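Dear colleague,

Please find below the structure that I am handing over to you. My notes on it come after the sequence and the coordinates.

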Amino acid sequence: MWEQQVLFKNMKSIKDDWVEESLKRLKGEEDWDWESVRESYEVLKLAIKTEQDREAYRTVLNEIIKGVMHSMMAMFDGSDALSDEFSIDVINSETGESLLSYSALNDEFFDYIMDAEEEEEK
């Protein structure tokens, strides 16, 4: 379903942007004021100094964000505790069609992100 691919592409872009923004902040290159986490970034700056350190940080952030997104897709699919309370859906507002009607978003998202990252490595 093409809508799922568009959704997943956008989610990957969001993930990538936030990882990069965090790295810029860590290097002091980001002007955006992250006042609520300023002290935490100062602590991280002391520990993460080399390019190898930053690459490890990038890898960890990337995996955490992918995990959060995957869990959110599972929530949409109804395979977490929220389904005991109510169900939610992802609907194409133009067609009224559910993005959940063809396959499990969490599985499809994970497959998409793995393929996209593998393609980037080439």
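The model is predicted: local features need pLDDT of at least 70 and side-chain atom pairs count only at pLDDT 80 or more, while totals for chains, interfaces and linings use all residues. Residues are numbered from 1 along each chain as its sequence is written, and side-chain values use heavy atoms, with hydrogens and water left out.

Helix H1

Helix H1 covers residues 2–27, which is 26 residues. Helices here are DSSP runs of H or I with at least four residues, strands are runs of E with at least two, and both are numbered from the N terminus. From first C-alpha to last, H1 reaches 38 Å, close to the 38 Å expected at 1.5 Å a residue; the expected span is 1.5 Å times one less than the number of residues. Just after H1, Gly28 has a positive phi of about 80 degrees.

The buried residues of H1 are Glu3, Gln4, Phe8, Met11, Lys12, Lys15, Val19, Ser22, Leu23, Arg25 and Leu26. Buried means under 20% relative accessible area, exposed means over 50%, and partly exposed lies in between, with a 1.4 Å probe and protein chains only. An α-helix has 3.6 residues a turn, so residues three or four places apart point the same way. The buried residues of H1 pack against helix H2 (38–47), helix H3 (51–77) and helix H4 (105–121), where contact means heavy atoms within 4.5 Å.

Lys12, which is found in H1, counts as buried because its relative accessibility is 5%. Leaving aside neighbours within four places in sequence, Lys12 is in contact with Tyr112, Ile113, Ala116, Glu117 and Glu120. Leu7 also lies in H1, but Leu7 is partly exposed, at a relative accessible area of 24%. Not counting residues up to four places away in sequence, Leu7 touches Met73 and Leu99. Leu7 and Glu108 are 101 residues apart in sequence, and their C-alpha atoms are 11 Å apart in space.

Helix H3

H3 has 27 residues and reaches 38 Å from its first C-alpha to its last, close to the 39 Å expected at 1.5 Å a residue. Its buried residues are Arg54, Tyr57, Leu61, Asn62, Lys66, Met69, Met73, Ala74 and Phe76, and what covers them includes H1, H2 and H4. Val68, also in H3, is partly exposed, with a relative accessible area of 46%. The C-alpha atoms of Val68 and Glu21 are separated by 17 Å, and the two residues are 47 apart along the chain. Gly78 follows H3 and has a positive phi, near 85 degrees.

The largest pocket

About 240 Å³ of space lies in the largest pocket. Of the 13 residues that line this pocket, the closest to its centre are Lys15, Arg58, Asn62, Glu117 and Glu120. H1, H3 and H4 are the elements that give two or more residues to the lining. On a 1 Å grid over the protein atoms alone, a pocket is an open set of points where a 1.4 Å probe fits, with protein on both sides within 12 Å along at least five of seven lines, and lining residues have an atom within 4 Å of a point. Grid points are joined across faces, edges and corners, and the volume is the space filled by probe spheres set on the points. By class, the lining has 1 nonpolar, 2 polar and 10 charged residues; Ala, Val, Leu, Ile, Met, Phe, Trp, Tyr, Cys and Pro count as nonpolar, Asp, Glu, Lys and Arg as charged, and the others, Gly among them, as polar.

The loop between H3 and H4

Asn92 lies in this loop and is buried, with a relative accessible area of 12%. The side chain of Asn92 reaches the backbone nitrogen of Glu94 at 2.8 Å, and a polar atom of that side chain lies 3.2 Å from the backbone nitrogen of Thr95. Not counting residues up to four places away in sequence, Asn92 touches Trp2, Glu3, Glu97 and Leu99.

Ile88, found in the loop between H3 and H4, is partly exposed, at 25% relative accessible area. Leaving aside neighbours within four places in sequence, Ile88 is in contact with Met75, Phe76, Leu82 and Leu100. The C-alpha atoms of Ile88 and Gly78, 10 residues apart along the chain, are separated by 7.7 Å.

With kind regards

How values were computed. Polar contact = N/O pair within 3.5 Å; in protein donor to acceptor, adjacent residues only side chain to side chain.
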